[in-house]
Amino acid sequence: MDKELGELIRILKSKAIADSTRLGILIALYYLNDEITFSNLRRDLEIPKSSLHFHLSILKDEGLISVKTRLTSYGPRTLIRITDAGRELIKKYLDLTRKMK
Amino acid sequence: MKNARELIRRTRKVAGKILYRELRKAMGLYYLLWSSLTLSMGLFYSIIYTFNLSLPSLAFIAIPFSIILVYFFLSYNLFRKASRLRKKRRSGRFQLIFMIIASSLVLSILALNYYQYNSIYYVTPSLVYDALMIYIFYRTFVRGFLRAKIYDYLAFTSFVILFPISFYYYFLDYVYSIIWLYSGISSILEVF
């Protein structure tokens, strides 16, 4: 139990997910397992563009998400997707929080 | 420890907000998609009768089924998201349920064509289809992530009641299509 708690705290201390917005985005991307557009994510979270850009830059720099601009049927869109590293991290986080319950 | 707990609590709220809105949108699109089926079919038959096109009898079955298959493919993609939001992933079972749903609809239409005077042959598959729609409602709204709103109840209840009877009274297709259109718009407007 102590080992798991220590592991959970260690994960939560890492820069990328030490913030509830970033961790929340990653968990949502993990469950959706699909691309989400920047504008949709901004609308969902109701936060300013600059804040979302800041959070996504950190997640991208840590290799937890991929951000690509692509031409869609609605015009050019910035698409965000969770990477394998991100998926692994969230899986571990969810397992630990489930065990802590 | 207290900080970690607070972080987990806030995180759940953020993730829940994104997932709720994305799933609501998916449900809205699902309602809108199926509300347009009657229109698509109506358009197909209107073109044939207006221009007096003489299609081989196989085309009369193949073209509507192709339209339905496109609808099922799009629905599957929309529901995939909802099926992931469960404790255990059961995508194999989910695909199987979707295949049974599609085949029960196909069977009911086929049976209607061949056994018009023996209702049991097409009422049975349409009741199977109804039962599976109830199951989808249960998985999405009762055991799933979304909470059912009045328009969700309206959409599913109208469909379950009117779908088997609509084989006798075609105008009922338009009734539940309009209800689904309303549910689709309401669902999407909720998150925009």
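1. Strand 2 (residues 65–72) of chain A and strand 3 of chain A run antiparallel and are joined by eight bridges. Helices (H or I, at least four residues) and strands (E, at least two) are DSSP runs, numbered from the N terminus, and two strands pair if DSSP finds at least two bridges between them. This is a predicted model, in which local features need pLDDT of at least 70 and side-chain atom pairs count only at pLDDT 80 or more, while totals for chains, interfaces and linings use all residues. Residues are numbered from 1 along each chain as its sequence is written, and chains are lettered from A and ligands numbered from 1 in the order in which they are written.

2. The link between strand 2 and strand 3 of chain A is a hairpin of two residues. Within this pair, T69(A) stands opposite T78(A) in strand 3, and R70(A) stands opposite R77(A) in strand 3.

3. What does strand 1 of chain A pair with? Strand 1 (residues 36–37) pairs with strand 3 (residues 75–82) of chain A in the antiparallel sense, over two bridges. I36(A) stands opposite I80(A) of strand 3, and the bridge partner of T37(A) in strand 3 is L79(A).

4. These strands form an open sheet of three strands in chain A, with the order 1-3-2 and antiparallel pairing. Strand 1 and strand 2 of chain A are the edge strands, each pairing on one side only.

5. Helix 2 (residues 20–32) of chain A lies across strand 1, strand 2 and strand 3 of chain A, and runs at about 95 degrees to strand 3. Axes here are lines fitted to C-alpha atoms, for helices over the stretch in contact, and angles run from 0 to 180 degrees between N-to-C directions.

6. Helix 2 of chain A also meets helix 5 (residues 84–100) of chain A: their axes come within 10 Å and cross at roughly 100 degrees. Helix 2 and helix 5 of chain A are therefore roughly perpendicular to each other; angles under 35 degrees count as roughly parallel, over 145 as roughly antiparallel, 65 to 115 as roughly perpendicular and the rest as oblique. On the helix 2 side the residues are L26(A), I27(A) and Y30(A), which meet G86(A), R87(A) and I90(A) in helix 5 of chain A. By class, this contact of helix 2 with helix 5 of chain A has four nonpolar, one polar and one charged residues. Ala, Val, Leu, Ile, Met, Phe, Trp, Tyr, Cys and Pro count as nonpolar, Asp, Glu, Lys and Arg as charged, and the others, Gly among them, as polar.

7. Chain B has seven helices and zero strands. Of its 192 residues, 22% count as buried (20 or more other C-beta atoms within 10 Å of the residue's own; 12 or fewer is exposed, in between is partly exposed, and C-beta atoms are placed from the backbone). Among contacts in chain B between residues at least 6 apart in sequence, 71% join residues at least 24 apart; two residues are in contact if their C-beta atoms, placed from the backbone, lie within 7 Å.

8. How do helix 6 and helix 7 of chain B cross? The axes of helix 6 (residues 150–165) and helix 7 (residues 171–191) of chain B come within 9 Å and cross at roughly 165 degrees. That makes helix 6 of chain B roughly antiparallel to helix 7 of chain B. The contact of helix 6 with helix 7 of chain B has twelve nonpolar, four polar and one charged residues. Residues of helix 6 in this contact include Y151(B), L154(B) and F159(B), and those of helix 7 include L172(B), Y176(B) and W180(B).

9. Where the chains meet, 15 residues of chain B are in contact with 18 residues of chain A. Helix 1 (2–35) and helix 3 (57–84) of chain B are the elements that give two or more residues to the side of chain B that touches chain A. The largest share of that side, twelve residues, comes from helix 1 of chain B. By class, the side of chain B that touches chain A has eight nonpolar, one polar and six charged residues.

10. Two residues deserve a look at their backbone angles. Most residues other than glycine have a negative phi. Phi of E46(A) is near 55 degrees, a positive value, and E46(A) lies in the loop between helix 3 (38–45) and helix 4 (49–61) of chain A. E46(A) counts as exposed because it has 8 C-beta neighbours inside 10 Å. Phi of N52(B) is near 50 degrees, also positive, and N52(B) lies in the loop between helix 2 (37–50) and helix 3 of chain B. Buried or exposed, which is N52(B)? N52(B) is exposed, with 6 other C-beta atoms within 10 Å.
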